[in-house]
Amino acid sequence: MNRFIIFLFLTFIINTSFAQIVEIPKFSDYPARIYTGPTSAPKLTTPYHKNYKTRLTNSSKEDINFAGEYVLSVWGCGTSCRVYTFINKRTGAILDTPFGGEGGENIVSIRANSKVIITTEELYTNDYDPLGYMAYYYVLESGRFKKVAQLPISEDLYQETRYNY
């Protein structure tokens, strides 16, 4: 119980301070030009990619849905587990993400014309007691996801958005 009270107190202090310091990015803050050229075949450069050749190849045929030239490919890896990978339609490069897995961050919002990605995550103690829920905002820069903001969210919002993709 003491841990919970300390967590609530720290959350309040952090949230109060955080709201004054961090500006939540909008999709329009990080625009991306939509690629309209031919689609390149996915470059299956690792054994892991080769194991999912059919899934990645099929996903590469879908419309661009992130950062102007990427397609999000998602597949399950067990109960409450997802793998998120992006395929570059222009180059065929596969961009593995730090998101997903069991208990990891879920991608909840992306746009074809923006480099912003929003994820959510449920937080736990070491004993797997729930602590709360967070939303994270990332920007794709030079092939890497840079975290630019985070904020606590309600359980209702987390549950409503956790399986958008």
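**Stop one: threonine 85 and its neighbours**

Select threonine 85 together with aspartate 96: aspartate 96, in strand 3, is the bridge partner of threonine 85. A word on the ground rules: this is a predicted model, where local features need pLDDT of at least 70 and side-chain atom pairs count only at pLDDT 80 or more, while totals for chains, interfaces and linings use all residues. Residues are numbered from 1 along each chain as its sequence is written, and side-chain values use heavy atoms, with hydrogens and water left out.

Strands (E, at least two residues) and helices (H or I, at least four) are DSSP runs numbered from the N terminus, and two strands pair if DSSP finds at least two bridges between them.

Is strand 2 buried or exposed? Eight of its eight residues (81-88) are buried, so the rest of the structure largely encloses this strand; buried means under 20% relative accessible area, exposed over 50%, and partly exposed in between (1.4 Å probe, protein chains only).

Next, pick the turns. Serine 80 has a positive phi near 55° in the hairpin of strands 1 and 2, with two residues between the strands. In the hairpin of strands 2 and 3, with five residues between them, glycine 92 takes a positive phi near 85°.

**Stop three: two loop residues**

Go to alanine 67, in the loop between helix 3 (53-60) and strand 1. Alanine 67 has a positive phi of about 50° although it is not a glycine, and it counts as buried at 8% relative accessibility.

Then jump to tyrosine 128, in the loop between strand 5 (116-124) and strand 6 (130-141). Its phi is near 65°, positive in a residue other than glycine, and tyrosine 128 is exposed, with a relative accessible area of 66%.

Select the four strands of the open sheet, in the order 4-5-6-7 with antiparallel pairing. Strand 4 (106-110) and strand 7 (144-153) are at the edges, each with a single partner strand, so one side of each has no neighbour in the sheet. Finish on serine 109, whose bridge partner in strand 5 is isoleucine 118.
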